[in-house]
Amino acid sequence: MTHYDFDTLVDRRHTGSEKWHLIEEDMGPGNDDVVALSVADMEFKPAPQIVDALVEAARHDIFGYDYATDGYFEALTGWMRRRHGFDVRPEWVSLSDGVMPAVNTALRAVTRPGDKVIIQGPVYYPFTAAAEHNGLTILDNALVLGEDGRYTMDYDDLAAKAADPRCTAIMLCNPHNPVGRVWTADELRRLGDICIDNGVTILADEIHADFSYPGHPVTMFGTLGERYASHCFEFTAPTKTFNLAGLLCSNVITADADLKRRFDIAAENIAGLTVSHFGLVACQAAYDHAEGWLDELLEVLAGNLAMVREFADRTPGVRLIEPEGTYLAWLDCRGLGFDGCCELRDFMRDKARVYFDEGVLFGQAGAGFERVNLACPAHLLADVLGRIERALADR
């Protein structure tokens with residue numbers, strides 16, 4: 001029995017929501033019947049404890065220049081200790097208005113234009129943009145999809161790419177977006193050893209670290225030990241966990257003092273990275289008071305995943321790549337027989353009237369896949385899956 005509302009669907013069309021605006025931007029006006037399960041924010045009302053804290057701040061605060069208080073750091077470090085067994089010191093933390101601004105800043109701290117950076121495709125597409133915008137050459141250490149439907153790292157290829165003297169960084173997605181892998185401690189150590197031995201700094205995007213399914217605990221990179229923590233930046237945020245992306249708040253955890261200093265200098269060189277006033281309020285309220293909301297959300301997501309799993313099992317040509325973490329499902333639709341990713345996209349949008357993040361956005365290895373956002377009321381997800389089934393029946 002839930003205590004929070006995960007059933008009400010808030011109509012976000014024509015509100016400034018990027019997810020819903022993209023339908024009109026890509027398909028034109030007159031498509032208000034199309035349903036978006038694309039951009040990774042949630043279709044859930046936020047935890048009331050966070051709303052109450054924001055309302056209280058709006059009534060009583062002055063919206064001037066802020067700093068992170070002791071209470072903020074106590075909330076953050078307490079969360080990391082309770083949820084991840086990670087003893088974070090406040091002096092390790094730098095603030096940012098978002099994970100990707102922080103990732104770009106970290107790249108500028110440890111690379112120079114003309115250097116090379118490793119990504120592991122198919123992967124979150126802003127990684128590609130970050131590399132390109134900073135004048136870096138991408139080395140794709142492509143993940144390997146096994147016959148069992150599980151992605152693994154290609155360590156031989158990783159070692160070869162890390163040995164390139166111009167390779168200075170790797171962008172790691174942990175848990176991995178979009179394929180849903182939660183990397184084990186052994187997998188992360190093996191990656192870490194290769195990178196450290198070759199002088200490759202690890203940029204670990206752990207924004208989805210609070211989402212995992214039973215049997216797949218998330219290992220945050222910094223918990224592996226000092227050898228590993230001293231060679232990485234870890235990017236975390238309450239924004240995915242509590243659906244707060246528009247409030248602009250993230251934290252960069254850097255245990256090595258010199259590496260942190262380089263990050264902070266790079267941030268100062270672009271006039272600093274600033275967390276919004278309401279972002280600070282929301283993050284502290286979330287970590288201090290909304291943990292029960294997240295626990296219930298995880299149960300809702302498990303139910304939604306079961307619904308997608310059943311859909312894939314009964315739909316010839318569709319295979320679910322079983323996620324171990326995140327609130328995203330990676331659907332292998334290559335068996336449906338569409339001629340190229342554009343035909344699959346057009347079928348979903350024009351015939352099924354659903355709008356996903358197309359797999360090819362995450363790299364060519366994602367062609368023929370769809371990324372499905374599970375963070376929505378169950379009745380909306382059931383509607384979307386029903387639309388696809390009916391459209392396939394009418395082919």
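Is Asp115 buried or exposed? Asp115 is buried, with a relative accessible area of 9%, where buried means under 20% relative accessible area, exposed over 50% and partly exposed in between, with a 1.4 Å probe and protein chains only.

The views show a predicted model, in which local features need pLDDT of at least 70 and side-chain atom pairs count only at pLDDT 80 or more, while totals for chains, interfaces and linings use all residues. Residues are numbered from 1 along each chain as its sequence is written, and side-chain values use heavy atoms, with hydrogens and water left out.

**View 1. The salt bridge of Arg166 and Asp115.** The closest N and O atoms of this pair are 3.3 Å apart; a salt bridge is a side-chain nitrogen of Lys or Arg within 4 Å of a carboxyl oxygen of Asp or Glu. Arg166, at 39% relative accessibility, counts as partly exposed.

**View 2. The salt bridge of Arg319 and Asp332.** The side chains meet at 3.2 Å, N to O. Arg319 is partly exposed at 30% relative accessibility, whereas Asp332 counts as buried at 5%.

**View 3. The salt bridge of Glu322 and Arg309.** Here the closest N and O atoms are 2.6 Å apart. Glu322 is partly exposed, with a relative accessible area of 37%, and Arg309 also counts as partly exposed, at 31% relative accessibility.

**View 4. The surroundings of Ile50.** Leaving aside neighbours within four places in sequence, Ile50 is in contact (heavy atoms within 4.5 Å) with residues including Phe242, Leu244 and Ala282.
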